[in-house]
Amino acid sequence: MVRTLILMRHGKSGYPEGVPDHDRPLAPRGRREAALAGDWLRATQPPIEAVLCSSSTRTRETLAATGITAPVSYEKSIYEASPHTLIELIQLTDDSIATLLLIGHSPGMPWTAWELAANRTSGPAEEMSSKFPTSALAVLEFDRPWADADPGTGELVRFHVPR
């Protein structure tokens with residue numbers, strides 16, 4: 001079974017005065033682009049069966065704006081996570097899940113996509129390496145169980161920036 005991992009950076013956030021970083025909400029542009037990301041996911045990707053989402057306000061609001069309704073686990077450890085931490089979370093995914101969406105932050109999302117990709121000279125990898133803006137999505141496929149999704153074992157098949 002091919003397993004699909006979609007790494008999404010949260011939508012553009014606002015910067016209200018006095019609000020801690022973890023609690024910052026999405027800006028109107030962030031809600032709009034996250035909704036476009038959800039439309040793109042439904043139109044182009046296999047059905048999402050599970051979601052791992054940072055516990056921050058802006059990632060939760062990003063997920064809500066996408067309209068994705070798969071079962072979700074909110075993980076505080078995704079906030080400010082290293083690629084190592086994120087890959088460990090991915091490896092804990094149940095093998096019955098074929099398509100996993102992970103919503104987090106920069107630099108964790110782009111660094112993790114880069115770490116997992118075996119094809120770092122491909123068109124999607126070159127596009128992703130130039131910039132991984134808010135609401136961007138990196139889609140990787142694996143030909144192995146989640147537990148074996150190690151660095152350099154995924155194929156970066158798509159990179160999409162919803163605008």
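I began with N119, which touches A125, G154, E155 and L156, leaving aside residues up to four places away in sequence; contact here means heavy atoms within 4.5 Å. I placed N119 in the loop between α4 and α5 (123-130). Helices (H or I, at least four residues) and strands (E, at least two) are DSSP runs, numbered from the N terminus. I noted that N119 counts as buried, at 13% relative accessibility. Buried means under 20% relative accessible area, exposed over 50%, and partly exposed in between, with a 1.4 Å probe and protein chains only.

**Basis of the entries**

I recorded that this is a predicted model, in which local features need pLDDT of at least 70, side-chain atom pairs count only at pLDDT 80 or more, and totals for chains, interfaces and linings use all residues. Residues are numbered from 1 along each chain as its sequence is written, and side-chain values use heavy atoms, with hydrogens and water left out.

**Whole chain**

I counted 5 helices and 6 strands in the protein chain. Along the sequence I read the pattern β-α-β-α-β-α-β-α-α-β-β. The radius of gyration is 14 Å, close to the 15 Å that the globule rule gives for 163 residues, so the chain is as compact as a globular protein of that length. That radius is taken over C-alpha atoms, and the rule is 2.2 Å times the number of residues to the power 0.38. I found that the C-alpha trace spans about 45 × 30 × 30 Å along its principal axes.

I noted that buried residues make up 51% of the 163 residues. Among contacts between residues at least 6 apart in sequence, 72% join residues at least 24 apart. The chain exposes about 7400 Å², of which carbon and sulfur atoms supply 52%; accessible areas come from the Shrake-Rupley method with a 1.4 Å probe, and for residues only the protein chains shown count as cover.

In α2 (residues 57-66) I listed R58, T59, T62, L63 and T66 as buried. Seen down the axis of α2, these residues fall within an arc of 140°, so they line one face of the helix. The arc is that of the directions from the helix axis to the C-beta atoms. Their cover includes β1 (3-9), α1 (28-44), β2 (50-54), β3 (72-75) and β4 (99-104). After α2 comes G67, with a positive phi near 80°.

In α3 (residues 83-91) I listed P83, L86, I87, L89 and I90 as buried. Down the axis of α3 the buried residues fall within an arc of 155°, so they too line one face. I found that their cover includes β1, β2, β3, β4 and α4 (108-116).

I looked up E75 in strand β3 and found it partly exposed, at 22% relative accessibility. E75 touches L52, C53, S54, S55 and L89, not counting residues up to four places away in sequence. E75 and L52 are 23 residues apart in sequence and 6.8 Å apart in space, C-alpha to C-alpha.

I then turned to E141, in strand β5 (residues 137-142). E141 counts as partly exposed, at 34% relative accessibility. With residues up to four places away again left out, E141 touches V2, R3, T4, T153, G154, E155 and V157. I also noted that the C-alpha atoms of E141 and I87, 54 residues apart along the chain, are separated by 14 Å.
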